[in-house]
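Trainee: I would like to go through the labels used for this model and ask what stands behind each of them. Could we take them one at a time?

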Amino acid sequence: MQEEKDIEIVNIMIGIYCKRKHKSRKWLCQECKELADYAKARREKCPFGDNKTFCSNCKIHCYKPSMREKISAVMRFSGPRIMFSHPIITFRHVSETIKFRRKEKKEKNKALNAQIQGEENEK
């Protein structure tokens, strides 16, 4: 279920990019079609399955470097524009990013506190 939503969101973003940058009307250009197919294949093979966070927050980068550059360009361009056509997707992304950053900060603080405790116990 989550996998299908993620693929749909990526396709929407690639569509926005292709329509504005490559002036495509109804369908994606060949380059964007290849990127969409690649993104779908990578998402389907993701080891995290439905527990996956956004790729920008992921610790594993499964895109090859050239495709990662392309998808990053698409995301940078389409991200601000998607909020006008799909505000719910934008809200979801922002809220999940905030949750991820809070969790990451909490884990970092926990590790730092454990390190400090270990140093104090050694003294």
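Trainee: Why is Asp6 called buried?

Mentor: Buried means a relative accessible area under 20%, exposed means over 50%, and partly exposed is in between, with a 1.4 Å probe and protein chains only. Asp6 has a relative accessible area of 13%, so Asp6 is buried. Asp6 lies in helix H1.

Trainee: What kind of model is this, and how are its residues numbered?

Mentor: This is a predicted model, in which local features need pLDDT of at least 70 and side-chain atom pairs count only at pLDDT 80 or more, while totals for chains, interfaces and linings use all residues. Residues are numbered from 1 along each chain as its sequence is written, and side-chain values use heavy atoms, with hydrogens and water left out.

Trainee: Which residues is Asp6 in contact with, leaving aside its neighbours within four places in sequence?

Mentor: Contact means heavy atoms within 4.5 Å. With those neighbours left aside, Asp6 is in contact with Arg43 and Arg92.

Trainee: What do the buried residues of H1 pack against?

Mentor: They pack against H2, H3 and helix H4 (87–122). Among the buried residues of H1 are Ile9, Val10, Met13 and Tyr17.

Trainee: Which residues of H2 are buried, and how do you know that they line one face?

Mentor: The buried residues of H2 are Cys32, Leu35, Ala36, Tyr38, Ala39 and Arg43. Seen down the axis of H2, they fall within an arc of 165° (the arc of the directions from the helix axis to the C-beta atoms), so they line one face of the helix. They pack against helix H1 (2–21) and helix H3 (65–85).

Trainee: Why is H2 called roughly perpendicular to H3?

Mentor: The axes of H2 and H3 come within 11 Å and cross at roughly 105°. Axes are lines fitted to C-alpha atoms, for helices over the stretch in contact, and angles run from 0 to 180 degrees between N-to-C directions. Angles under 35 degrees count as roughly parallel, over 145 as roughly antiparallel, 65 to 115 as roughly perpendicular, and the rest as oblique. H2 is therefore roughly perpendicular to H3. The contact is made by Glu31, Glu34, Leu35 and Tyr38 of H2 with Met67, Lys70, Ile71 and Val74 of H3.

Trainee: Why is Lys33 called partly exposed?

Mentor: Lys33 has 40% relative accessibility, which falls in the in-between class, so Lys33 counts as partly exposed. Lys33 is placed in helix H2.

Trainee: What makes Ser56 and Lys23 exposed?

Mentor: Ser56 has a relative accessible area of 61%, so Ser56 is exposed. Ser56 lies in the loop between H2 and H3. Lys23 is exposed because its relative accessible area is 60%, and Lys23 lies in the loop between H1 and H2.

Trainee: What is the phi of Lys23?

Mentor: Phi of Lys23 is near 60°, a positive value in a residue other than glycine. Most residues other than glycine have a negative phi.

Terms used. Helix = DSSP H or I, 4+ residues; strand = E, 2+ residues; numbered from the N terminus.
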